[in-house]
Amino acid sequence: SLTLATFDPELAAAVLREERRQEDHAELIASENYASPLVMAIQNTVFTNKYAEGYPGKRYYSGCEYVDVAERLAIERAKALFDCDYANVQPHAGAQANAAVFLALTHPGDTVMGMNLAQGGHLTHGNPSNFSGRHYKIVPYGLDPETGLIDYDEMERIALDTRPRMLIGGFSAYSRYKDWARMRSIADKAGAIFWVDMAHVAGLVAASEYPNPLPHAHVVTSTTHKTLRGPRGGIILAKGQDDGFYRKLDTAVFPGIQGGPLMHVIAAKAVAFKEALSPAFKSYQRQVVVNARAMAAVLQRRGYRIVSGGTDNHLMLIDLSNKPYTGKEADAALSAAYITANKNSVPNDPRSPFVTSGLRIGTPAVTTRGFGAAECEDLAGWLCDVLDALEAGSSEQVAGRIREQVVALCRRHPVYR
Ligand code: PLP
C-alpha cells in the first residue's frame, strides 16, 4: 500500500525531521504545546470529509447525524469546563473567533479599546495591519512604565474620554492576573461591551489556576491549542446573556465569516475538553505555573529583568534593554543551543518588532513533556549561560555545550513515546 514515504518522500522527510526537532529542542514558546496522541488521532478520521454548514440539528447538508454528535459533545464539554451557558466551537482559529466577535457586536468605524500590541496585546486587538486596526478606530491601553503592570486608572480615564463600543481584555504577553471585575466596571461606566480574549491562559482558567473571565465578560474567545493543549482552533463562550446575543455570535461565525466547519478539528476539541476536565489536567496546569515561577526566580538571581517583576501564569517577558544585544540576537543564540523562545517587544521598546529588546518564554510545552521545577531551573540556568556568553562574545562555544545538555534532558522526557 502507498505510504507517505513512498508517495511523497520529500514531505515524509520533513515530517520526520520536525518530529526529531520537537523531541530534541526545549520548547519555550509560550503559545505552543504538544497535543495528545488522541487529539491528533481523531483529526486523522473520516470526519475531515464531511460538509456540515450550520449548527447541530440545523444543517444545510444531510448526513450530519454523526458529526452532530461530535459538535454537541464539544459544546457541552466547553460549557462544563468554563462554567458558561454558550459555546461556539466552530472558529477555525483564534483570529477567526475574534473576527466573529467584531462582526457580531460592532460596526466598522466604531471605537474599540484594546491592549497595545507593543505592550502585550494581540494583532487582532487593533494592529493597523490587521482587519481590526483597518476597520475600527482603535484606542490602546497599556502598562504603567514604572511597574510593568496594567494601569487601570489610565484605562478608565481613556475609556471615559473616548467611549469605546467595545473594551478588549486579554493578551499575548502579560505575566500577571488581569482584574476582570475592574475591567467590567470600566466597560460599564463607558457604556462598552466587555470582550475577553483568554487564548493564552484558557488552560489555566479551565483548571482554576487563573481568574475565569466568564462571570465578568459579555463574551470570551480563545484558541484551543495553547495552554488548553487541544487541536489548533478557536472557540467563543458566553454566560448569562440572552438568546438574541448568542444568535448574533453564531450567525457571525457562520455564515458571517466561515463556510463549512472543520468537523475533524471540532471532534478533536471535544477530546481535548474531556482531557481538560480530568484531575490530571488540573495538576498539569498547576505545574505550568510552578515551573514558570521557578524559571523567573533563576533568571532574576542571575541578574535578568522580568517585566512586572515576576509571573502569575505560564509566561514571562525578559527585558534585555540594558544588554548590549537585541531580542533577535538573543533568540538566535538560544536557537543554536536548541532552546526555542521568541523575541518580543518590551514596554517602551525603542527597537522595531522585528528586532526588539526582549524575549518571551513560557512553560506549557516543557511541562507537558514532564519537566518539573528542577528541570526548569536547569533550563533557565542554561538560558542565562547562553545569554551571558552572548554578552561576552563566546556564545558559539557555549551554545554547543548547552545544546548537548538540552538534548540529553529532552531525551529523558520524550514527548511522544
Ligand atoms: N488571541 C491571542 C491573545 C493570541 O495570543 C493569539 C495567537 O497567538 C490569537 C488570538 C490568534 O490565534 P490563532 O493563531 O489561532 O489565529
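This is a predicted model: local features need pLDDT of at least 70, side-chain atom pairs count only at pLDDT 80 or more; totals for chains, interfaces and linings use all residues.
Good morning. I begin with Arg-229, which lies in the loop between β9 (219–223) and β10 (234–238). Residue numbers start from 1 along each chain as its sequence is written.

What is the phi of Arg-229, which is not a glycine? Its phi is positive, at about 65 degrees. Most residues other than glycine have a negative phi, and most peptide bonds are trans. Pro-255 belongs to helix α10 (residues 243–257).

That helix leads to the first packing. Two packed helices are described by the angle between their axes and the distance between the axes. Axes here are lines fitted to C-alpha atoms, for helices over the stretch in contact, and angles run from 0 to 180 degrees between N-to-C directions. The axes of α5 and α10 cross at roughly 115 degrees and come within 8 Å. The two helices α5 and α10 are therefore roughly perpendicular; the classes are roughly parallel under 35 degrees, roughly antiparallel over 145, roughly perpendicular from 65 to 115, and oblique for the rest. Their crossing is right-handed, a crossing being right-handed if the near helix is turned clockwise from the far one by less than a right angle, and left-handed if anticlockwise.

Which residues meet? On α5 they are Gln-96, Ala-99, Ala-100, Leu-103 and Ala-104, and on α10 they are Lys-248, Leu-249, Ala-252, Val-253, Gly-256 and Ile-257. Contact requires that C-beta atoms, placed from the backbone, lie within 7 Å. By class, this contact holds 8 nonpolar, 2 polar and 1 charged residues. Nonpolar covers Ala, Val, Leu, Ile, Met, Phe, Trp, Tyr, Cys and Pro; charged covers Asp, Glu, Lys and Arg; the others, Gly among them, are polar.

Helix α5 (residues 94–105) also supplies the largest share of the shell around the ligand, 3 residues. The shell has 15 residues, of which Ala-93, Gly-94, Ala-95, Ser-172 and Ala-199 come nearest; a residue is near if its C-beta atom, placed from the backbone, lies within 6 Å. The classes in the shell are 4 nonpolar, 10 polar and 1 charged.

I turn to the sheets. An open sheet of 7 strands runs in the order β4-β10-β9-β8-β7-β5-β6, with mixed pairing; two strands pair if DSSP finds at least two bridges between them. At the edges are β4 (86–88) and β6 (137–141), each pairing on one side only. From one strand to the next the twist averages 20 degrees. Strand β5 (residues 111–115) runs parallel to β6, with 5 bridges joining them, and Met-115 stands opposite Tyr-141 in β6. Helix α7 packs on this sheet, touching β5, β6 and β7 (166–170), and its direction makes about 160 degrees with that of β6.

Helix α7 (residues 152–162) also packs against helix α8 (residues 180–190), at about 20 degrees and with axes 9 Å apart. The pair α7 and α8 is therefore roughly parallel. The contact involves Tyr-152, Met-155, Glu-156, Ala-159 and Leu-160 of α7, with Arg-182, Ile-186, Lys-189 and Ala-190 of α8. These contact residues comprise 6 nonpolar, no polar and 3 charged.

The other sheet for today is an open one of 4 strands, ordered β11-β12-β15-β14, with antiparallel pairing. Its edge strands are β11 (305–306) and β14 (342–343). Ile-306 stands opposite Ile-318 in β12. Helix α12 (residues 279–301) packs on this sheet and touches β11, β12 and β15 (358–362), its direction making about 15 degrees with that of β12.

Finally, how do helix α15 (residues 373–392) and helix α16 (residues 395–412) cross? Their axes come within 9 Å, at roughly 165 degrees. Helices α15 and α16 are therefore roughly antiparallel, and the crossing is left-handed. Residues that meet include Trp-382 and Val-386 in α15, and Ile-402 and Val-406 in α16. The contact of α15 with α16 has 9 nonpolar, 2 polar and 3 charged residues.

Notes. Two residues are in contact if their C-beta atoms, placed from the backbone, lie within 7 Å.
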